[in-house]
Amino acid sequence: MSTHFISLIIILLLTIFFLTGNARPPFACDPSDGSTSKLPFCRVSLSIQDRTKDLIGRLTLQEKIRLIVNNAIAVPRLGIKGYEWWSEALHGVSNTGPGVKFGGVFPGATSFPQVITTAASYNASLWEQIGRVVSDEARAMYNGGVSGLTYWSPNVNIFRDPRWGRGQETPGEDPALSGRYAASYVRGLQSITNGNRLKVAACCKHFTAYDLDNWRGVDRFHFNAVVTKQDLEDTYNVPFRDCVIEGKVASVMCSYNKVNGKPTCADPDLLRNTIRGQWHLDGYIVSDCDSVGVLYDQQHYTRTPEDAAADTIKAGLDLDCGPFLAIHTEAAINQGKMSEADVNGALTNLVVVQMRLGMFDGEPSKQPYGYLGPRHVCTSAHQQLAQEAARQGIVLLVNKAKTLPLSISGHHTIAVIGPNSDATNTMIGNYAGVPCAYTSPLKGIGRYANTIYQSGCNGVACNDNQQFVAAEGATKQADATVLVMGLDQSIEAEARDRVSLLLPGHQEELIARTARASKGPVILILMSGGPIDVTFAKNNPKIGAILWVGYPGQAGGAAIADILFGKANPGGKLPNTWYPQSYLNNLRMTEMGLRADPTRGYPGRTYRFYKGPVVFPFGHGLSYTTFTHTLAQAPTTISMQSLSNIVQVQNSTILTSNGLSMSHIDCDALSFDVHIDVENTGDMDGAQTVLVYSTAPASRRWAPVKQLVGFEKVHVAAKGKQRVKVEIDLCKHMTIVDKFGTRRIYLGEHNLHIGEEEVMHKVSIQVGLGTSINP
């Protein structure tokens with residue numbers, strides 16, 4: 001009998017062992033536990049609210065307190081096992097948190113591209129599809145007893161400053177893009193079914209204005225983000241609002257930093273009033289890990305630890321990632337700083353989510369997702385989706401004289417040079433798990449051509465140039481040179497912000513020397529989360545093409561090769577602005593303001609408010625084919641009916657400078673569609689992302705230079721045409737936030753910019769006797 005056959009039998013036996021439920025202890029309310037399975041909280045015929053009330057009523061105060069921390073205790077007398085709330089699934093099931101264990105029949109999970117790369121696809125259906133695959137694998141592992149069902153993902157903070165080490169985890173700098181990503185990915189992860197049941201519970205983090213980790217001695221634990229109501233409303237809070245309202249996320253995580261002097265995890269205005277009050281979160285609020293301890297021990301926000309426990313729970317916090325609440329809550333109650341009812345409220349929000357997940361429904365194999373097991377993890381289809389996601393996220397920044405795609409027949413030998421050429425772990429970025437397999441750029445290119453490999457540097461720090469001569473020699477022997485450069489987690493990461501936008505060490509020198517020595521075309525590939533100033537490469541006539549691949553996931557090398565050789569046509573677009581190094585001159589990372597202030601030389605942040613020079617603009621991305629856009633249908637006039645009779649009073653609190661407050665408008669009737677014909681005028685099939693921006697009426701204070709109001713991705717065959725519909729929510733996307741944090745729709749002529757500014761359409765917004773949208 002062959003070794004391979006024996007291995008197959010072992011795997012089959014392990015799978016059968018897993019499916020029978022004998023590979024792990026029984027779950028809560030399992031029928032095998034006759035003493036507890038018949039208790040009311042185990043009866044699925046009752047409402048979740050009644051079951052939750054029954055369960056909490058059976059717990060002692062000490063048990064309750066130990067259930068509002070991430071490593072919740074077991075309650076054996078009720079058949080409840082211990083539960084670890086902390087698991088991660090940023091771009092695949094991850095073992096970053098303690099809730100997931102790889103090994104045995106679950107050696108790994110599909111590792112998709114880092115979020116910043118996936119966001120560059122601008123493909124909302126892809127984001128949701130990835131979420132569904134990740135939750136399939138998560139459920140399979142839960143059924144096997146090696147993971148939980150509560151995943152503290154996605155990260156939807158705004159990528160405000162290009163130096164932020166965690167910007168790679170986010171969908172980029174634009175609130176509309178980030179909000180749509182949040183809602184789409186969460187919908188896929190949670191896959192809510194009838195009865196409000198959850199497949200897994202997602203969590204949008206870190207609320208709010210969290211975008212600094214460790215910069216020049218300022219760390220996230222001590223940072224006080226001074227943010228205006230205006231910037232909170234129109235930028236920082238937008239992705240979280242969309243995540244809760246549209247994505248119906250089951251959890252929100254508060255952040256380490258203070259906002260305007262208050263730790264976010266102890267701010268009732270942010271937690272109780274905004275997340276739960278205004279947005280109606282149906283779920284729980286969790287602290288970032290140890291942040292309750294941080295606000296007492298490091299920020300010295302409260303006088304005693306009991307005050308910290310009371311302040312956070314009463315502010316709306318339900319779960320502490322860390323031991324602080326387990327240690328100090330009972331004393332806070334005994335001292336009269338809070339009540340047991342406050343603990344009951346927090347625990348109710350937690351147990352309801354667990355009930356929605358089916359965690360008190362007994363054996364999971366008899367539940368809707370009970371069929372998922374080891375054979376549903378790292379499937380061929382999942383790994384192909386990871387490769388396709390990487391393809392869609394790769395951005396072609398420069399393509400001089402059609403350097404790309406390379407020809408298989410004309411480019412037999414490729415020199416592959418650079419510290420990221422044979423990257424594996426680098427490709428998956430942070431908050432990743434154990435991938436199913438790796439395909440490095442070197443390995444991927446090797447599937448198309450012969451390769452000559454030289455790293456050129458010992459790592460991306462590239463601190464010496466001793467290997468440059470060998471790299472130059474390789475380029476002289478090749479038909480084309482591919483330089484795989486950029487960053488990794490040693491340069492940008494959690495707790496590590498950058499101080500420069502330039503390539504590290506001697507990378508620029510390596511690029512220049514190998515380009516000069518090359519006898520064939522030179523392609524520069526940049527692997528990074530944040531933007532890089534590669535002006536020198538743009539201006540180098542020997543460098544024919546530049547690709548940004550982000551951190552492209554486990555199949556990144558295969559996707560890169562597919563793009564290089566034209567098996568796939570690049571269609572990604574940048575989700576953030578690439579600034580020159582000079583942008584950082586005297587720009588403190590701690591300045592949170594978004595709008596430019598010329599009086600003090602403040603340049604502003606993101607494409608919405610910055611008007612200076614860029615290396616590559618937000619939304620930039622080329623294709624191997626060409627597209628044209630033609631406006632097919634869009635309204636020219638939108639008439640709004642005010643919900644107040646005093647709207648005509650120019651100086652009223654409702655109508656200020658011709659700006660109508662959203663609170664006095666029937667926003668439900670103010671969405672409209674823009675229909676655009678996209679024609680592929682080239683010779684290659686390709687996907688085009690149609691970006692629609694708006695600019696407000698002239699001379700409006702506080703208005704962005706322009707802002708993204710809608711986007712859709714469409715695949716168009718060569719010489720073909722497709723009509724795409726972009727839905728625009730007037731109240732959500734075409735409003736301007738005033739300095740008091742009030743959203744207003746300004747009357748007058750708004751401009752819609754479609755595509756690369758080639759089509760502009762004017763929409764007049766006015767007040768009338770009724771609501772109407774006229775062509």
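Student: In β23, which residue is the bridge partner of Val 690?

Tutor: It is Glu 712 that partners Val 690 there. Before we go on, keep in mind that this is a predicted model, where local features need pLDDT of at least 70, side-chain atom pairs count only at pLDDT 80 or more, and totals for chains, interfaces and linings use all residues. Residues are numbered from 1 along each chain as its sequence is written, and side-chain values use heavy atoms, with hydrogens and water left out.

Student: Thanks! How do I read strand pairing around β22?

Tutor: Start with the terms: helices (H or I, at least four residues) and strands (E, at least two) are DSSP runs, numbered from the N terminus. Two strands pair if DSSP finds at least two bridges between them. Here, β22 (residues 686–695) pairs with β23 (residues 707–716) in the antiparallel sense over nine bridges. β22 also runs antiparallel to β27 (residues 748–754), and four bridges join these two strands.

Student: Are the faces of β22 covered or open?

Tutor: Both are covered. A residue is buried under 20% relative accessible area, exposed over 50%, and partly exposed in between (1.4 Å probe, protein chains only). In β22, 10 of its 10 residues are buried. One side carries Gly 686, Gln 688, Val 690, Val 692 and Ser 694, while Ala 687, Thr 689, Leu 691, Tyr 693 and Thr 695 lie on the other.

Student: Now a helix, please. Which residues of α9 are buried?

Tutor: The general idea comes first: an α-helix has 3.6 residues a turn, so residues three or four places apart point the same way. In α9 (residues 269–278), the buried residues are Leu 270, Leu 271, Thr 274 and Ile 275. They sit on the same side of α9 because they cover an arc of only 120° around the axis, the arc being that of the directions from the helix axis to the C-beta atoms. What do these buried residues pack against? Their partners are β3 (204–207), α8 (238–245), β7 (251–254), β10 (284–287) and α11 (305–315), where contact means heavy atoms within 4.5 Å. Just after α9, His 280 takes a positive phi of about 60°.

Student: How many disulfides does the structure hold?

Tutor: Seven, counting a disulfide as a pair of cysteine sulfur atoms within 2.5 Å. One of them joins Cys 378 to Cys 436, with an S to S distance of 2.0 Å. The torsion about its S-S bond is about -90°, so this disulfide is left-handed. It links distant parts of the chain, 58 residues apart: Cys 378 is in the loop between α13 (340–356) and α14 (380–393), and Cys 436 in the loop between β12 (413–417) and α15 (441–446). Cys 378 is partly exposed at 21% relative accessible area, and Cys 436 is partly exposed at 24%. Another disulfide joins Cys 457 to Cys 462 (S to S 1.9 Å), and both of these cysteines are buried.

Student: And how should I read a salt bridge?

Tutor: Side chains of opposite charge can pair when their charged atoms come close. The rule used is a side-chain nitrogen of Lys or Arg within 4 Å of a carboxyl oxygen of Asp or Glu, and the count comes to 39. Take Arg 608 and Asp 234, whose closest N and O atoms are 3.7 Å apart. Arg 608 belongs to α20 (residues 606–609) and Asp 234 to α7 (residues 229–236), so the pair ties together parts that are 374 residues apart in sequence. Arg 608 and Asp 234 are buried. By contrast, Lys 719 and Asp 683, which form a salt bridge at 3.5 Å between the closest N and O atoms, are both exposed.

Student: Which residues are linked in a network of salt bridges?

Tutor: Arg 166, Glu 169, Asp 213, Arg 220 and Glu 494. Gln 114 lies in the loop between β2 (83–84) and α4 (115–119) and is buried, with a relative accessible area of 0%.

Student: Last one: which residues touch the most other members of the largest nonpolar core?

Tutor: A nonpolar core is a set of buried Ala, Val, Leu, Ile, Met, Phe, Trp, Tyr and Cys residues joined through side-chain atoms within 4.5 Å. The largest has 198 residues, and Trp 152, Phe 360, Leu 564 and Trp 578 touch the most other members. Helix α5 (residues 124–143) gives the most to this core, with 10 residues. Apart from it lies another core of 30 residues, including Ala 634, Val 716, Ile 754 and Val 759.
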